[in-house]
Amino acid sequence: MKTMLTIAPSSMPSCSSNNNGREHYGALDGMRAYAIIGIVMMHVLSDIAIKPSENYLTTTVIPFFTNFVFLFMMISAFGLSCGYYDRIKACHITPHAFYLKRYKRVLPFFAIMVIIDMTWKHNLGALLEGFADLTLCFGLYPNVKIGVIGVGWFLGVIFVFYMLYPFFVFLIDNRRRAWGTLAVSVLLALIGIYYFGSKQYFQQPTDFERDNILYCAPYFVVGGIVYLYRRQLAAWVSAHKLLALAGAWAITVATFMCLDRLVELASCTIIFATWLIYGLGSNDVVLNNRATRYLGKISMEVYLCHMMLFRVTGLMHLEKLIANPNLLYILTLLATLIGAVAFAHVVKFYVINKIKWLQ
């Protein structure tokens, strides 16, 4: 006979319930915050014309931050399960209510960004791509490279996950089935990378990338598995905070040392699953503070608009005023990040909230 683990609220300081009764883990907001800062750092480094000096930070660490999108996927699967897993299993929510909530959550801000980008580019290609963007179904296209809100590929994958979420609940109906689903998803991803996506089978992966739902499926499944074990994991981390933190850092450092020998799927899964688990029972001030809570709640909006603000920053021609490339990178990064946060805040909390048909 199995023993059920009951956790008192006081033993899980990082977990709370919002007004809808949905479990909320505050440290995950902090992870979203740091992840979006890392993604902005990576994009500015990649796109800035005058590069900073080369060192381990600029050649290895910051470029790795592009993979924070996979952490977002894990957190998305975990967070969505906190709100809907049991309700869908018990048939307590209709498809209309579920999908309408998803559209209301992501479409208004994204639509504003798409319209701005279409106006900026004003050509037929932008119009066609913008239409595909506005349906939120563009993630179903094979090998699509949409330039209008280019970073929106991530939202395309996320929305395909939303479409499939009831099926996802079926796939992780219990723990045994969830582990089997993870094994199958990893195999599907590897077959896609090294077989269907290769010009020469098993040699040159080129055409099967992160904008495909099967490529990203293992990260969503890992998020779902962590959800199934959330109470036990949160209790253990809460009782062994220092050990859990030291273990997370040790695994991260060890994985970075093996990056050349690990495929992206393995390295990202190992690192991000470890930190997601740590976040379930963590109440440390680094992940749980007002700044990270705020930035975590607008992380999606900052992600969608930061490249537009990078282009705006480029119009300032800071390179004419700053000769040091390292200082130029830092100031460009700060201008982009501050501008993106300000834009996201105004649009999300003022523009959208004032226009009722966008809600």
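Reader: Which residues form one aromatic cluster?

Author: In this predicted model, the cluster is made up of Tyr-84, Phe-98, Tyr-99, Tyr-103, Phe-159, Phe-161, Tyr-162, Tyr-165, Phe-168 and Phe-220. One of them, Tyr-162, also has Arg-102 over its face.

Reader: What makes you say that Arg-102 lies over the face of Tyr-162?

Author: Arg-102 is 5.2 Å from the ring centre, and the cut-off for a charge over a ring is within 6 Å, together with a position within 35 degrees of the ring normal. Arg-177 is placed over the face of Phe-170 too, at 4.7 Å from the ring centre.

Reader: How many aromatic pairs does a search of the whole structure find?

Author: It finds 29 aromatic pairs.

Reader: Why is the pair of Phe-110 and Phe-138 called stacked?

Author: Two values decide that. The ring centres are 6.2 Å apart, and a pair needs them within 6.5 Å.

Reader: Which parts does the pair of Phe-110 and Phe-138 tie together?

Author: Phe-110 belongs to helix α4 (residues 95-121), while Phe-138 sits in the loop between α5 (124-135) and α6 (153-171), so the pair links parts that are 28 residues apart in sequence.

Reader: Are Phe-110 and Phe-138 buried or exposed?

Author: Buried means under 20% relative accessible area. Phe-110 has 0%, so Phe-110 is buried; Phe-138 has 3%, so Phe-138 is buried as well.

Reader: What makes the pair of Phe-154 and Tyr-303 edge-to-face?

Author: Here the angle of the planes is 65°, and over 60 counts as edge-to-face. The centres of the Phe-154 and Tyr-303 rings are 5.4 Å apart. Phe-154 is in helix α6 and Tyr-303 in helix α13 (residues 299-314), so this pair connects parts 149 residues apart in sequence. Phe-154 is buried at 3% relative accessibility, and Tyr-303 is buried at 3%.

Reader: Which residues of helix α2 are buried, and what covers them?

Author: In α2 (residues 56-64), the buried ones are Thr-58, Val-61, Ile-62 and Phe-64. Their cover includes α1 (26-47), α3 (68-89), α10 (241-257), α11 (264-281) and α14 (325-354).

Reader: How do you know that Asn-55 caps the N-terminal end of α2?

Author: A side-chain oxygen of Asn-55 lies 3.0 Å from the backbone nitrogen of Leu-57, and a polar contact needs the two atoms within 3.5 Å.

Reader: Where is confidence lowest, and where is it highest?

Author: Strand β1 (residues 15-17) is lowest, with a mean of 60, and helix α8 (residues 213-228) is highest, at 96. The protein averages a pLDDT of 88, with 90% of the residues scoring at least 70. Over residues 1-13, pLDDT stays under 50. Where pLDDT is low, the predicted coordinates should not be read in detail.

Notes. Residues are numbered from 1 along each chain as its sequence is written. This is a predicted model: local features need pLDDT of at least 70, side-chain atom pairs count only at pLDDT 80 or more; totals for chains, interfaces and linings use all residues. Side-chain values use heavy atoms; hydrogens and water are left out. Rings of Phe, Tyr and Trp (its six-membered ring) pair if their centres lie within 6.5 Å; planes under 30 degrees apart count as stacked, over 60 as edge-to-face and the rest as tilted. Helices (H or I, at least four residues) and strands (E, at least two) are DSSP runs, numbered from the N terminus. Buried means under 20% relative accessible area, exposed over 50%, partly exposed in between (1.4 Å probe, protein chains only). pLDDT is the predictor's confidence in each residue, from 0 to 100. Contact means heavy atoms within 4.5 Å. A polar contact is a pair of N or O atoms within 3.5 Å; within protein, one must be able to donate a hydrogen and the other to accept it, and residues adjacent in sequence count only if both atoms are side-chain atoms.
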